[in-house]
Structures are given as structure tokens and as C-alpha cells.
Amino acid sequence: MDAKTLQKIKEELVKRQASIEKELASFAEKTDAEKNAYVSRFPEYGSESDDNAQEVNQYTTNLEAERILEKSLKDIKNSLKKIDKGDYGICKYCGKEIEAKRLLIRPDSSACVACKRKLQNQK
Ligand SMILES: [Zn+2]
């Protein structure tokens with residue numbers, strides 16, 4: 001992969017990382033920056049039973065969002081680490097280079113299209 005493409009991907013990753021961290025911060029507290037651990041805040045709408053039901057609903061939604069966002073954040077940080085180490089864009093299954101086209105769309109991909117397809121077919 002050429003340096004220009006890599007730079008573009010890195011910028012995209014940094015941008016995504018910032019937006020995910022912002023989204024997480026809107027409903028969760030960061031508890032461990034090193035491990036990217038967040039804990040969802042329990043929403044406070046009021047003390048009526050309607051409010052309580054809404055709070056529980058919202059909290060459940062937040063927990064699910066927290067889980068997904070934490071995972072994305074982890075993938076992004078791993079990709080950035082790989083860029084720094086110089087082994088970014090290598091498929092973790094076959095060791096070949098992942099297509100730049102794919103990485104530009106999904107910069108946190110860790111598998112090439114062929115391996116991904118094989119995995120999906122196994123399911
Ligand atoms: Zn592969």
C-alpha cells in the first residue's frame with residue numbers, strides 16, 4: 001500500500017475514533033482509558049412509574065450501544081497501532097495484503113475479502 005493511501009486511512013481512523021468517543025461520552029463514563037472501558041450511566045427521567053420504565057428501556061439501549069461502540073473503538077485503536085508498527089493491512093488469516101479499496105471503506109478490517117467470505121460461508 002502506498003504512503004498516501006495509508007495516510008488517508010489513518011486520518012479516517014482517527015476521525016472515527018473521535019466520533020465514537022464522543023458518542024460514548026454522551027451516555028457513558030470512561031472508567032479505564034487504557035482498556036477503552038466505559039460504563040453506561042443510568043438515565044434519570046423522574047420517579048413516576050412511567051419514567052422508571054423509560055429509564056430501564058433507555059438503559060438497555062445504552063448498554064447495547066456501549067458494547068458495539070466499545071468494540072469498534074477497540075478495532076480502530078488496534079488498526080492505528082498496526083499502522084504505527086507497519087503491519088497494517090495484512091489479513092490475519094492468510095497473511096496477504098488486504099485490498100486498499102476495502103480498507104478505505106472499512107479501515108478497521110483485519111481480514112481480506114476472500115477470507116471473510118470463507119468465514120461467512122461456514123456459518
Ligand atoms: Zn485473507
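Visitor: What percentage of the 123 residues of the protein chain count as buried?
Guide: This is a predicted model, and a residue is called buried here if 20 or more other C-beta atoms lie within 10 Å of its own. Applied to the 123 residues of the protein chain, that criterion gives a buried share of 12%.

Visitor: How is the protein chain patterned when read along the sequence, and is it compact or spread out?
Guide: The protein chain has four helices and two strands, and along the sequence these follow the pattern α-β-β-α-α-α. Its radius of gyration is 18 Å, well over the 14 Å that the globule rule gives for 123 residues, so the chain is more spread out than a compact globule. The C-alpha atoms, taken along the principal axes, fill a box of roughly 60 × 35 × 20 Å.

Visitor: Where in the protein chain is confidence lowest, and where is it highest?
Guide: The average pLDDT of the protein chain is 93, and 99% of the residues score at least 70. Within that picture, the lowest confidence belongs to β1, with a mean of 91, and the highest, at 96, to α1.

Visitor: Which residues of α1 are buried?
Guide: Helix α1 covers residues 3-27, and its 25 residues reach 37 Å from the first C-alpha to the last, close to the 36 Å expected at 1.5 Å a residue. The cover over its buried residues includes β1, β2, α2 and α3. The buried residues of α1 themselves are I9, L13 and L24.

Visitor: Which residues of α2 are buried?
Guide: Helix α2, at residues 49-85, has 37 residues and reaches 53 Å from its first C-alpha to its last, close to the 54 Å expected at 1.5 Å a residue. Its buried residues pack against α1, β1 and β2. Those buried residues are N62, I76 and S79.

Visitor: Which residues make up the largest nonpolar core?
Guide: In soluble globular proteins, nonpolar side chains tend to be buried together. In this model, α1 has I9 and L13 among its buried residues, and α2 has I76 among its own; these three belong to the largest nonpolar core. I98, another member of that core, touches L103 and C112, among others, when residues up to four places away in sequence are not counted. The core has six residues in all: I9, L13, I76, I98, L103 and C112.

Visitor: How many residues of strand β1 are buried?
Guide: Strand β1 (residues 28-32) has five residues, and it pairs with strand β2 (residues 37-40) in the antiparallel sense over four bridges. Despite that pairing, β1 lies largely in the open, because the number of its residues that are buried is zero.

Visitor: Which residue in the hairpin of β1 and β2 takes a positive phi?
Guide: Across the two strands, A28 has S40 as its bridge partner, while E29 has V39. Four residues lie between the strands of this hairpin, and the residue with a positive phi, near 55 degrees, is N36.

Visitor: Is C94 buried, exposed or partly exposed, and why?
Guide: C94 is found in the loop between α2 and α3 (100-105), and it touches C112 and C115 when residues up to four places away in sequence are not counted. The C-alpha atoms of C94 and C112 are separated by 8.2 Å, although the two residues are 18 apart along the chain. Because C94 has 13 C-beta neighbours inside 10 Å, it counts as partly exposed.

Visitor: With which residues is S109 in contact, leaving aside its neighbours within four places in sequence?
Guide: S109 is found in the loop between α3 and α4 (113-122), and it counts as partly exposed because it has 19 C-beta neighbours inside 10 Å, where burial would need 20 or more. Its C-alpha atom is separated by 8.2 Å from that of D75, 34 residues away along the chain. The residues with which S109 is in contact, on that basis, are I98, R102 and L103.

Terms used
Residues numbered from 1 in each chain as written. Predicted model: local features only at pLDDT ≥ 70, side-chain atom pairs only at ≥ 80, totals over all residues. Core = buried A, V, L, I, M, F, W, Y, C linked by C-beta atoms within 7 Å. Contact = placed C-beta atoms within 7 Å. Pairing = 2+ DSSP bridges. Rg over C-alpha atoms; globule rule 2.2 N^0.38 Å. Expected span 1.5 Å × (residues − 1). pLDDT = per-residue confidence, 0-100.
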